Amino acid sequence: MDSLRYKAAIVGASETTELGSIPDKTAFQLHVDAAVNAIKDCEIDKNEIDGIATTMNPAALAHYLGIVPRWIDNTQVGGTSFLVHVRHAVAAIASGLCETVLVAMAESGRNRVGEQTGRIGDVSSMSGGRRDSSFPGQFESIYGVAGPTTQFGMGVLRYMQETGLTHEQLASVPVAQRKWANKVPRAMYGDIISVQDVFDSRMICYPFHLLECCLVTDGGGALIITSSDRAKSFPTKPVYILGTGESVESPIVSQMYDMTSSAAFKTSSKKAFEESGVTHNDIDHLMIYDAFAHLPIYGLEDLGFVKRGEAGSYIEEGNTSPGGKLPMNTNGGGLSYTHSGMYGMYAIQESVRQVRGEAAHQVDGVKTSFCQGVGGMFMAAGSLVFTNEEPHT
Amino acid sequence: MSASYNKPIPVPTPESDVFWEKAKKHELWIQRCLSCDNPFFYPRMNCPNCLSDKLEWFKTAGLGTLYSYMINHRPVPGFEEDAPYAIAIIQLEEGPRMMTNIVGIENTPENLVLDMKLKVVFEDIDDDIAIPKWEPA
């Protein structure tokens with residue numbers, strides 16, 4: 001097996017029935033809801049599923065669905081885990097470990113139904129005076145960090161100093177993505193906004209205003225993946241997996257090798273491009289996990305779509321907006337569409353919709369989509385390249 | 001420790017006990033590899049450059065520059081009176097970077113200029129722990 005190129009395809013894909021605020025379902029129930037929706041999407045007999053990948057206990061999910069799998073993956077590296085699951089699933093299918101994999105993800109990130117801890121991002125739920133021997137406990141928590149809002153963007157001022165990125169350009173990221181969300185009915189926020197609106201929104205953690213931070217929602221999604229040969233027997237249009245990548249960097253943001261660039265983004269995306277056999281010019285559609293406004297900026301550069309220091313002006317000038325040459329985060333992203341905590345699954349879902357040609361704000365003529373995930377705070381990365389073009393051989 | 005100290009408290013481990021022992025004496029010590037001469041932080045039992053276990057602790061000059069920062073407007077419990085407060089990254093003169101808070105100056109974007117020179121100071125929180133913080137040099 002020399003490459004995972006065209007070895008497998010996504011045949012079933014669906015999000016949870018509801019998205020946003022779902023006060024009456026636990027995260028477990030949402031996993032099942034998403035899984036059942038994905039199974040219905042491709043009309044598969046659930047007993048044909050022989051592999052399960054999820055960040056929850058795979059036994060709990062398998063047993064709930066009445067499946068005894070012969071392959072599991074429980075990789076948990078934050079919000080990019082599901083891109084990594086897809087990569088591992090393709091490898092497992094290609095090597096004969098299993099034939100058909102369910103990847104399922106869901107969270108009650110907003111309402112925390114059935115959860116023991118408070119809403120993600122709610123600083124009041126973080127206990128004071130605690131004693132902690134972990135590395136983040138010893139060397140970051142003591143300085144008053146409050147989760148991703150106070151850590152994820154730690155390198156941005158340095159990035160600005162080194163590249164000349166302006167606050168206006170940073171604010172132009174949510175502005176651009178809202179133009180996509182404006183035609184996406186399931187997006188939590190769809191009203192067009194301006195750079196001034198971003199500046200006028202509450203300061204969360206300088207230099208990040210509220211509108212430069214992701215939403216906190218409930219929801220989930222699931223995928224059914226099988227071999228490219230089998231994919232043709234399903235009613236849905238196969239979304240072939242051309243290339244995949246994964247990586248990890250530092251478990252604590254203050255110890256990244258370079259705080260103005262993600263080593264994991266670079267490693268993961270390079271592998272995915274190499275495997276896919278396509279170039280940047282072949283990419284019609286791009287998803288870059290946007291927990292905060294700087295992520296698409298880092299991503300565009302670390303993935304090699306633009307040169308160092310060019311991403312801010314590239315976005316500000318509209319290149320990633322509707323009508324631009326590189327449509328990006330076309331569901332509105334974590335900043336406008338939804339973000340339950342681990343957004344990667346939603347990025348995959350939008351890539352699949354665009355490649356199938358059934359997105360709410362569809363880009364004309366999408367053949368090939370690149371999906372970039374991040375896990376933790378630049379802790380991990382996953383990359384996937386999708387296409388609807390049939391294999392030539 | 002003042003009864004009102006409600007911020008998270010570090011618990012030293014076998015790898016980091018020297019760091020915290022020295023901090024208690026208001027000295028900032030980090031490790032250096034005796035095989036490849038690489039200085040590094042956070043504390044480890046092997047050099048992240050060459051994996052050698054021949055390491056030594058050494059006292060830094062306690063000088064550095066402001067590498068980057070954020071200013072948090074939503075304080076975690078214990079930090080209410082500090083808000084808005086900067087969470088910053090120091091570039092040590094010796095090379096490694098570490099997170100900190102900036103004291104002795106109002107934490108505003110105007111005051112906090114990248115690459116400004118800083119020196120380490122220590123906040124005693126109880127008989128065992130002093131936390132390194134940084135102020136304008």
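**Two chains, seen through their definitions**

Guide: Start in chain B. Three strands there form an open sheet, in the order β3-β2-β4, with antiparallel pairing. The model is predicted: local features need pLDDT of at least 70, side-chain atom pairs count only at pLDDT 80 or more, and totals for chains, interfaces and linings use all residues. Residues are numbered from 1 along each chain as its sequence is written, while chains are lettered from A and ligands numbered from 1 in the order in which they are written.

Visitor: What makes β3 and β4 of chain B edge strands?

Guide: Each pairs on one side only. They cover residues 39–40 and 55–59. A strand is a DSSP run of E, at least two residues; a helix is a run of H or I, at least four, and both are numbered from the N terminus.

Visitor: How do you know that β2(B) and β4(B) pair?

Guide: Two strands pair if DSSP finds at least two bridges between them. Strand β2 (residues 29–33) of chain B and β4(B) have five bridges, so they pair. Their sense is antiparallel. B:C33 stands opposite B:L55 in β4(B).

Visitor: Which strands pair between chain A and chain B?

Guide: β5(A) pairs with strand β1 (residues 9–10) of chain B, in the parallel sense, over two bridges. In β1(B), B:I9 stands opposite A:R131.

Visitor: How many residues of the two chains are in contact?

Guide: 35 residues of chain A are in contact with 34 residues of chain B. Contact has a cut-off: the C-beta atoms, placed from the backbone, lie within 7 Å. On the chain A side, the elements that give two or more residues are β5 (131–132), α4 (135–139), α5 (148–151), α6 (156–163) and β6 (203–206). That side holds 15 nonpolar, 15 polar and five charged residues. Nonpolar means Ala, Val, Leu, Ile, Met, Phe, Trp, Tyr, Cys and Pro; charged means Asp, Glu, Lys and Arg; the others, Gly among them, are polar.

Visitor: What do the buried residues of α6(A) pack against?

Guide: They pack against β5 (63–72) of chain B. The buried residues are A:V156, A:L157, A:R158, A:Y159 and A:M160. Just after α6(A), A:G164 has a positive phi of about 85 degrees.

Visitor: Why is A:C42 called buried?

Guide: A residue is buried with 20 or more other C-beta atoms within 10 Å of its own, exposed with 12 or fewer, and partly exposed in between; C-beta atoms are placed from the backbone. A:C42 has 21, so it counts as buried. A:C42 lies in helix α1 (residues 27–42) of chain A. Beyond neighbours within four places in sequence, its contacts include A:V11, A:I224 and A:F234.

Visitor: Why is α14(A) called largely enclosed?

Guide: 12 of its 13 residues are buried, so the rest of the structure largely encloses α14(A). Among them are A:G344, A:Y346 and A:V355.
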